[in-house]
Every structure is written in structure tokens, then in C-alpha cells.
Amino acid sequence: MEEFCKLKPQSAPFTVQIEPVEGCNLGCSFCGLRGMREKGTKPWNFMTVSTAEDIAKKLASANWTAKIIFAMHGEPTLNPKLFDIVGTFRHYLPTNIMHIITNGHGIVKAEDGIVNYVEKLRSAGINHLLLDNYSEDGDWSKVIKALGDAYNIYYLGQDKTPMFRSDAKFSVIVLPPITTTNVGLMHSLANHAGAAFPLDRKYNDHRCTKPFRELSFRYDGNVALCCDDFRGEYSIGNIHDYQKVEDLWNNVRFRVARVMLYNKDRGFRPCDGCTNRSMRVGLLPDKLGKETLPKITDDVRMAAQLVSEDGPLSKIIIKRKWEK
């Protein structure tokens with residue numbers, strides 16, 4: 001394992017996910033939050049501004065150009081400090097593109113109105129507001145109706161716009177109905193490592209790009225293997241315990257998982273039975289597919305399998321019907 005730890009550092013992630021809230025006002029059956037609390041709703045756990053600042057400062061020191069996505073395992077607009085959190089990231093990362101994905105609930109409930117809330121998001125530093133479409137008359141539709149012609153509004157699947165735009169101009173993007181769409185990244189729902197749907201091992205011999213291209217911070221600064229690891233079964237570490245985010249990104253637990261997944265082996269939790277399907281898996285482990293990782297050894301396999309024995313990061317585990 002000593003030689004294994006001397007591998008070349010992993011390339012910087014494409015995206016960094018930030019979780020302003022763990023918990024949601026909804027309780028969608030297809031969401032992994034249902035495996036963490038009753039109907040996926042309360043309690044709501046909020047990221048603090050101090051945690052946001054610690055993450056943002058260390059990302060700035062790393063000089064990464066990754067997109068910042070405010071989403072993860074909950075509804076971000078429920079956090080009363082959301083504008084401060086976004087503003088903190090914008091202060092330390094003045095040029096990074098920032099997205100927020102929301103069902104629109106906090107926007108619709110804003111005391112000073114929908115338009116003012118959206119303008120505050122834009123002023124705080126958000127480049128693109130992505131609205132989840134869960135029903136025809138959902139909160140997203142109320143947001144769109146109130147905005148009128150105030151901003152550029154795109155409908156993914158109807159307009160020629162990527163899900164995550166790379167331009168800095170503020171825009172609003174309506175995602176297609178999540179349960180019916182055949183569009184791009186939204187065309188299938190992953191099982192969130194078994195927290196949303198039953199485990200399915202048909203992809204166990206497939207690569208996964210998430211731990212190579214994505215770094216996901218939970219509300220308290222903890223990092224699990226990826227955003228699909230809703231319960232945090234594969235704990236990596238907490239940003240507060242690292243002076244540099246690069247050291248967290250390249251710690252031994254991440255490296256072990258990457259070797260397993262590079263070699264098309266999901267035989268460890270939470271990857272065992274996860275249905276995430278990645279794109280461009282041939283371009284691993286670096287961004288161009290020009291580098292390689294070593295073969296799996298017995299030590300690597302055992303290390304990967306032992307991580308989940310530490311226990312999940314989630315403080316509440318609700319067993320789904322297929323787990324009982």
C-alpha cells in the first residue's frame with residue numbers, strides 16, 4: 001500500500017458539489033433521502049457560513065476551475081443563510097461558474113417575492129438557476145410565471161442548451177419532468193446506491209467516473225465517495241481536518257476507490273449494486289485517458305471493503321421496503 005499511495009495526484013475535479021441543506025420539503029419516492037429520514041423531509045440540516053468559508057478558501061488556494069453546484073441531498077433554498085453561503089463562494093472564487101438546482105420552494109415562499117429572491121441569487125453570484133420539474137403545477141412553474149421576460153429562460157430538451165452551461169451570463173433553466181424524460185443526463189434515475197431503489201448489480205463490472213470528476217461536500221463539511229452515496233457509506237474525510245483540499249481529494253480512500261472503479265470493479269459499498277452510468281469512461285483516470293492506474297491487489301480490495309465498516313455519515317438510516 002505504500003507504493004500505492006505514491007500514485008500521481010488525481011486531476012482536479014470537473015465539478016464541486018455543495019450541500020446547503022440535507023433534507024427537503026418534498027418526499028419524492030425516487031429520492032435517496034427516503035433512506036435517510038421519513039419521507040425524505042425533516043429534520044433539515046443546514047450548512048453554516050463558516051463551513052462554506054472553509055471550503056471556499058481551500059478551493060481558492062487550490063486554484064481549481066471546477067463548476068460549483070449548490071444541490072446534493074436536499075432543497076438548497078430552505079437554508080436561511082443561502083445568499084451568504086453563495087456570496088462567500090463568489091468572494092473567494094470570483095471566476096468559477098456557479099449553478100444552483102432547486103425545486104423552487106424557498107423562492108416561492110420568499111417574503112419579498114419571487115423576482116427579488118431570484119435577483120438576490122444572481123447578485124450573490126449564481127450564474128445559472130436550474131429548476132427541477134416534478135409536476136406541471138410545481139413551484140418551478142410559479143417561478144417562471146413570476147419572472148416573465150426578466151431573464152433568459154431555457155427548457156432543457158426543447159432549447160439547445162446544456163444542463164450545465166459554461167457561460168457566465170445569468171440564465172434560468174427548466175429541467176424536463178424527471179420521471180418521464182429521455183433527455184441527456186436526466187434520462188434515467190439512479191438508485192442512489194440502494195437508498196432510492198433496490199440494488200441492481202448489472203453495472204458492477206462497469207467503470208464509474210464520479211470519484212474522478214466530482215468532489216461533493218455535505219452540509220457539515222464531510223465528504224463521501226460521491227453524490228449518489230446519499231447515506232455516506234464510504235466516508236472520505238472532513239474538510240475541516242485538512243489544510244489543503246488537494247490532500248482530501250488525493251487521500252488513500254479516494255485512491256483505493258479509483259483503482260477499483262478504473263478496473264471495472266464495483267465490489268464494495270456503496271458501489272456494489274449502484275446503477276449510476278457514467279459518460280466517457282475511457283478518459284480515465286486523467287481528463288484525456290492517457291494515464292493508467294495499477295491493477296487491483298488484495299490489499300486494495302480489502303481496504304475498499306473495510307471503509308464502510310466505519311458506519312455511514314448520515315445520522316439517520318431509514319430502511320426501504322426492499323431492505324427490510
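Contact, on this tour, means heavy atoms within 4.5 Å. This is a predicted model, in which local features need pLDDT of at least 70 and side-chain atom pairs count only at pLDDT 80 or more, while totals for chains, interfaces and linings use all residues. Residues are numbered from 1 along each chain as its sequence is written, and side-chain values use heavy atoms, with hydrogens and water left out.

**Stop 1: a loop lysine.** Select Lys-39, in the loop between strand 2 (21-22) and strand 3 (45-46). Helices (H or I, at least four residues) and strands (E, at least two) are DSSP runs, numbered from the N terminus. Which residues does Lys-39 touch, not counting those up to four places away in sequence? Show Leu-26, Gly-27 and Arg-34. Lys-39 counts as exposed, at 58% relative accessibility; the scheme is buried under 20% relative accessible area, exposed over 50% and partly exposed in between (1.4 Å probe, protein chains only).

**Stop 2: before strand 1.** Jump to Phe-14, in the segment before strand 1. Phe-14 is partly exposed, at 38% relative accessible area. Leaving aside neighbours within four places in sequence, Phe-14 is in contact with Ala-66, Lys-67, Arg-213 and Lys-287. Now pick Ser-216: Phe-14 and Ser-216 are 202 residues apart in sequence, yet 11 Å apart in space, C-alpha to C-alpha.

**Stop 3: helix 1.** Select residues 49-62, a helix of 14 residues. From first C-alpha to last, helix 1 reaches 20 Å, close to the 20 Å expected at 1.5 Å a residue (the expected span being 1.5 Å times one less than the number of residues). Colour the buried residues, among them Ile-55, Leu-59 and Ala-62. The buried residues of helix 1 pack against strand 1 (15-18), strand 4 (67-70), helix 2 (82-92), strand 9 and helix 7. Just after helix 1, check Asn-63, with a positive phi of about 60°.

**Stop 4: helix 4 and its two partners.** Show helix 2 with helix 4: their axes come within 8 Å and cross at roughly 25°. Axes are lines fitted to C-alpha atoms, for helices over the stretch in contact, and angles run from 0 to 180 degrees between N-to-C directions. Helix 2 and helix 4 are therefore roughly parallel to each other; angles under 35 degrees count as roughly parallel, over 145 as roughly antiparallel, 65 to 115 as roughly perpendicular and the rest as oblique. Helix 2 brings Leu-82, Phe-83, Val-86, Gly-87 and Arg-90 to the contact, and helix 4 brings Tyr-117, Lys-120, Leu-121 and Ala-124.

Look for Ile-114, Val-115 and Val-118 on helix 4 against Lys-142, Val-143, Ala-146 and Leu-147 on helix 5.

**Stop 5: helix 8.** Is helix 8 (residues 252-262) largely enclosed or open? Nine of its eleven residues are buried, so helix 8 is largely enclosed by the rest of the structure. Its buried residues pack against elements including helix 6 (210-213), strand 11 (235-238) and helix 9 (298-307). At the start of helix 8, a side-chain oxygen of Asn-251 reaches to within 2.9 Å of the backbone nitrogen of Arg-253. Finish at Lys-264, which follows helix 8 and has a positive phi, near 60°.

Key:
Polar contact = N/O pair within 3.5 Å; in protein donor to acceptor, adjacent residues only side chain to side chain.
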